[in-house]
Amino acid sequence: MKILVIEDEKELAQAIREYFRKDDQVCECAFNRDEATEKLNLYDYDCILVDIGLPDGSGLDIIRDLKNQQVDTGIIIISARNSLDDKIDGLNIGADDYLTKPFYLSELNARVKSIIRRKSFSGGNEIVFEEIRIIPDQMVVSVCGHPVDLTRKEYDLLTYFLANKNRVLNKESIAEHLWGDNMDMADSFEFLYNHIKNLRKKILEKGGKNYIRTVYGIGYKFSSSVS
Amino acid sequence: MKLLTKTTVYYIAFSFLAFIIGGVILYPVLKGILYREIDENLVTEQLLVEETLRYSDTIPDYHSVFGHMIEVQRGVKPSKYVMNIQDTAVYDPETRDLIACRHLQYIMISSAGHGYTIHIYKPLQRTQSTIVEIFITVIFLFSLLIILLVAVNYFISRRVWIPFYRTLGHLAEYKIAQNEALALPDSSIYEFRMLNRTLDAMSGKIRADYQSLKEFNENAAHELQTPLAIITSKLDLLIQDENLTQDQLEKLGSVYEAIRRMSRLNQGLLLISKIENNQFQASEQVDLSEVIRKTLNNFREICEEKKIRVDSSIRPEITISMNRILAEVLVSNLVTNAVVHNIPEGWIRIDLDHAALTISNTGLPLKVEPESLFGRFRKSERSRDSVGLGLAIVKKIVLFSGMKIRYTANESVHTLKITF
């Protein structure tokens, strides 16, 4: 999987690159429009992350160029402008998603994965992790071949964990992923705790292992190295 | 009191004063002039009588040239000639009444050495009525003049002050937040032209300052997003470190919490700035019933978990003309507010009809003035996580969309009512 980050804030671009590289993914950075155009001409990327406000042009122009060249790359706009016009413009010219700064890298990662999966297999593929199997198209989950009946929130939670497996996830990012940012955090942590408890129980019931580990003070980690 | 009324009242008051003073002076002056005339006639008569008397030494059968009553009495020889003119009253046998007269008394000595006293009377009836007639005529002319002056002054003033009132009208309608400049019309009167130009310049300056302040707010909030994004991303990387101790992780957890609050605060301020900067101008017919239903759906789970009962009576297809995003933010903030400040096992009630949206919820009794809750950074000590901008945003949206909001608290029940 190859990702290009087009972002003029070097620190942010590098943080994104570091996060993706941990997953053994190829991630490169371009700090301005020229550099991005050059890289896009030379290589094919599965997904590009574009900041709209670049020093030498608009990220929207890069998207337009890509679309003109009929390149089928996943495109996520990352912008400090939380403006609906930008969002609509971006999505209209062919971006797949729009993320407003500041964002959690885990959320970005989940969105990148979801877009790449949709692009490469037209959404028909499966997510497999050890004995857990998910068919995203139908929102069907099975553990050890037994179907598991998950609520919508539990399903979202599981896919979010799987997209960010083997990483420590802070609970704010999970809560925001599930409920958006209009929630009172104190409440949502409590609900989150209950949902995780239920999810863990449902997986264990069907013969799965306990992959969800609590990282005290921070959040949770979903990993195969069972504690 | 209007300027015009005030000047007119002053005008009338001073004219009236001048009128009284003029009247007081006019009467004696008129009287003086007429009496001098009368007295001259009396003296002329007296001289004629004296002439005759001096040589004939008999009381003449004299007929007055001026219509005076003349009476001559023979008496003792006086030591000297005496003349005296004064006002007196004489009994008139015809009318059996006293009549006011001017009386000349002259004591003389004839050539024969007899003493005579001449009385000449001039009845004043005619003179007095003449004085009154002249007086009335003058007063009438004077009043006419005053009325005319006041009227002319009134009409001139009214004409002259027209540009001023026009300027006042423009100023009353002007809002500093609007985009157009004040642009007061030019006047042909120097003072008003200067006034308008000064006001134009002043409002232009205020408007520019206001605009740049608003832009500054928005830009500042906007520029903060990137550093926040960098901090968040670095934190996301940092917590992946396997070697972090429990203590360090806990501290990082607090940092996350603080960053999240700051980021939400920033987004709230940015939203308020954007509303103030008219970035949500586009309005459309928003189906409010639908927006509320969707929002309640999103909050259903939370309410269930918090054991909050939600009752709603929402008339379908209530549409209002406003910005769609603002409508969604408005409803979402209202419901969030009702949920966050609720008590366990409490309730929320939402009513929507074509006139108003009312949302009530149970909660702790209010300790402050209801109106103050709409201020920025107002929050209860209970919701540590809230940044205190929710209701400030609600108020901004309500005002921006031309609606009204009222907050009432009745012990443990809080009600927000928005009228369209």
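Predicted model: local features only at pLDDT ≥ 70, side-chain atom pairs only at ≥ 80, totals over all residues.
# Two chains, question by question

Me: Why are β8 and β11 of chain A called edge strands?

Reply: The open antiparallel sheet has the order β8-β9-β10-β11 in chain A. β8 (127-129) and β11 (146-148) each have a single partner strand, so one side of each is left without a neighbour in the sheet. From one strand to the next, the twist averages 25°.

Me: What makes a stretch a strand or a helix?

Reply: Both are DSSP runs, numbered from the N terminus: helices are H or I with at least four residues, and strands are E with at least two. By that rule chain A has eight helices and 14 strands, and chain B has seven helices and 11 strands.

Me: How do you know how helix α6 of chain A runs against β9(A)?

Reply: Axes are lines fitted to C-alpha atoms, for helices over the stretch in contact, and angles run from 0 to 180 degrees between N-to-C directions. For helix α6 (residues 152-163) of chain A, the angle to β9(A) is about 110°. This helix lies across β8, β9 (132-135) and β10 of chain A.

Me: What makes B:Asn337 buried?

Reply: Buried means under 20% relative accessible area, exposed over 50%, and partly exposed in between (1.4 Å probe, protein chains only). B:Asn337 has 15% relative accessibility, so it counts as buried. The residue belongs to helix α6 (residues 324-340) of chain B. Not counting residues up to four places away in sequence, B:Asn337 touches B:Leu391 and B:Leu416, a contact being heavy atoms within 4.5 Å.

Me: Which residues of helix α7 of chain A pass as buried?

Reply: In α7 (residues 171-179) of chain A they are A:Glu172, A:Ser173, A:Ile174, A:Ala175, A:Leu178 and A:Trp179. Over the whole of chain A, 52% of its 227 residues count as buried, and in chain B the share is 37% of 420 residues.

Me: Why is the approach of A:Asn170 to A:Glu172 called a polar contact?

Reply: A polar contact is a pair of N or O atoms within 3.5 Å; within protein, one must be able to donate a hydrogen and the other to accept it, and residues adjacent in sequence count only if both atoms are side-chain atoms. A side-chain oxygen of A:Asn170 comes within 3.0 Å of the backbone nitrogen of A:Glu172, at the start of α7(A), so the pair qualifies. After α7(A) comes A:Gly180, with a positive phi near 75°.

Me: How do you know that β2 and β3 of chain B pair?

Reply: Their antiparallel pairing runs over 11 bridges, with β3 covering residues 97-109. B:Met83 stands opposite B:Tyr106, and B:Asn84 opposite B:Gln105. The two strands form a hairpin with four residues between them, where B:Arg96 has a positive phi of about 50°.

Me: What joins β3(B) to β4(B)?

Reply: Nine bridges do, again in the antiparallel sense, with B:Ile107 opposite B:Thr117 of β4(B). This hairpin has five residues between the strands, and B:Gly113 takes a positive phi near 90°.

Me: How much area is buried between chain B and chain A?

Reply: Buried area is the accessible area (1.4 Å probe) that two parts lose on being put together, summed over both. Here the value is about 3600 Å², with 57% given by carbon and sulfur atoms. B:Leu237, B:Gln240 and B:Arg260 supply 17% of the area that chain B buries against chain A, more than any other three residues. In terms of contacts, 38 residues of chain B meet 40 residues of chain A.

Technical notes. Residues numbered from 1 in each chain as written. Chains lettered and ligands numbered in written order. Heavy atoms only, no water. Pairing = 2+ DSSP bridges.
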